[in-house]
Amino acid sequence: MSKTKTSYFCQGCSYESAKWLGKCPSCAQWNTFVEEIVEKPNTSVPNWKASTSTSQQRANKPVLVSDVVFQEENRLLTPDKEFNRVLGGGIVAGSLVLIGGEPGIGKSTLMLQLAMNMPALKVLYISGEESEMQIKMRAERLMPQAGKSGGGCFILTETSTQNIFKQIEQLQPDLVVVDSIQTLHSAHIESTPGSVSQVRECTAELLRFAKETSTPVFLIGHITKDGMIAGPKILEHMVDTVLQFEGDRHHVYRILRAIKNRFGSASELGIYEMLGEGLREVSNPSEILLSQRDEPLSGITISATLEGLRPMLIETQALVSTSAYGTPQRSATGFDTKRMNMLLAVLEKRCGFKLGVKDVFLNITGGIRIEDPAIDLGLAAAIISSHEDIPVPFKTCFAAELGLSGEIRAVNRIEQRIAEAQKLGFEQIFISKYNMPTGGKNTKMDFSRYNIEVKPVGRIEEAFGLLFG
Ligand code: TYD
Ligand code: MG
């Protein structure tokens, strides 16, 4: 059998070298060399049987867009509604989905639970990380959630792609889960499992398999501390969908977020609770994200945000105190620190609060991260509430963005936010006056039908006047 020919390429400038080099002679960067396949042997065992023949024989011709026949893609619904929603309405046949997340966050639990929850299907769960015994132990814990028997879930502990495809051919599964892509290795490449070239080659083989047999494949991938799916970003463009499983390990809530999705929106989000017996779907996030209080406290406000299509009320907390040291501390959990600094600057310049000498801490409860700018006004109100030590009136909610000159800006889908606040029993909601229905023209957008007082404000001073008098 002739060997695969590989070469090393600099990721910075594409300089080619026969052996690995620490420093690139061309662009002088360090540690940029990665092994890549230059030529594959055509006599060797094809990794996915049809790959060599069909892809070379079939040459596509250009077609007019209008002539392409549209077929609704065939989606497989899982019993897990959060998962279906994040995927854009179920699993698409032949799709390759990458699930990334830090070690220990619960990726294996999520996928095993899903695999055991589909009794009508043959699911193959391939693990290169745990032994059959370990998986069985996990499965035992998940049993109460996953029906009694574990459905049609098969376990395979194997890391060589050649062997995996042999087993797949025999078993003919309807769904394949690989835990994790970093443990697989292909015999075509010499480098160790987890290296860029191995990860890329194994993914490419699984991609070919998924597309040619229309079997959906889920890949679990570990994320390094700086948020990269190890084997730098290379996987993201190869797969159809990238999901990220995240959350604070010390909190029980886990968030499944779509980062890229060829078959749906990339802003959907699913929330789970990690219990002793597996993950539980959280279908009413607002209720759990708000703490139960019976008296108003200073520094706490509630904002109506949207994650994907789902409105969600979250609690934002601020603590402003006199700085004990020369340099004031600023820290934000679940919110962008740069944006916090911007809010503080606006409050200082436009409203005259002396925040420059204060320590400011912001926190979004539940351990989730929010990027929606509609929480600006709520955060600003929390900061001033803590600074002045005056609580914000009870049952008050916010949904507006703050502009650099202190103007309150409109946010998208305001009606959904108002409806959610009303549903949870809030009595008033502060929104931007630019979100108000425009004089009779847009009669559909009439907020009077809501059983909640809508307070439109145009400037930050105006909002604070109403709140703190
Ligand atoms: P795991 O799925 O192994 O994480 P990953 O595959 O992302 O590395 O999850 C590990 C954590 O989840 C571990 O700390 C134990 C916890 N866990 C539960 O709380 N409940 C359960 O039912 C299971 C199976 C795990
Ligand atoms: Mg795992």
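The largest pocket in this predicted model is lined by 21 residues. Nearest its centre are Glu102, Gln244, Glu246, Gly247 and Arg369. Two elements give two or more residues to that lining, namely β11, residues 241–246, and β12, residues 253–261. Of these, β11 gives the most, with three residues.

Now its volume and make-up. The space in the largest pocket comes to about 490 Å³. Sorted by class, its lining has eight charged, seven polar and six nonpolar residues.

On to the second largest pocket. Here the space is about 370 Å³, and the lining consists of 19 residues. Leu290, Ser291, Arg293, Ile302 and Phe426 are the ones that lie nearest the centre. Which elements each supply at least two residues of this lining? They are α7, residues 285–289, and β15, residues 300–307. The largest share comes from β15, with three residues. Ile302, one of the central residues, sits within the span of β15.

By class, the lining of the second largest pocket has ten nonpolar, five polar and four charged residues. For the largest pocket, to repeat, those counts were six nonpolar, seven polar and eight charged.

Terms used:
Residues numbered from 1 in each chain as written. Chains lettered and ligands numbered in written order. Predicted model: local features only at pLDDT ≥ 70, side-chain atom pairs only at ≥ 80, totals over all residues. Heavy atoms only, no water. 1 Å grid on protein atoms, 1.4 Å probe; cavity = no way out; pocket = protein on both sides within 12 Å on 5 of 7 lines; lining within 4 Å. Points joined across faces, edges and corners; volume = space filled by probe spheres on them. Helix = DSSP H or I, 4+ residues; strand = E, 2+ residues; numbered from the N terminus. Nonpolar A, V, L, I, M, F, W, Y, C, P; charged D, E, K, R; others polar.
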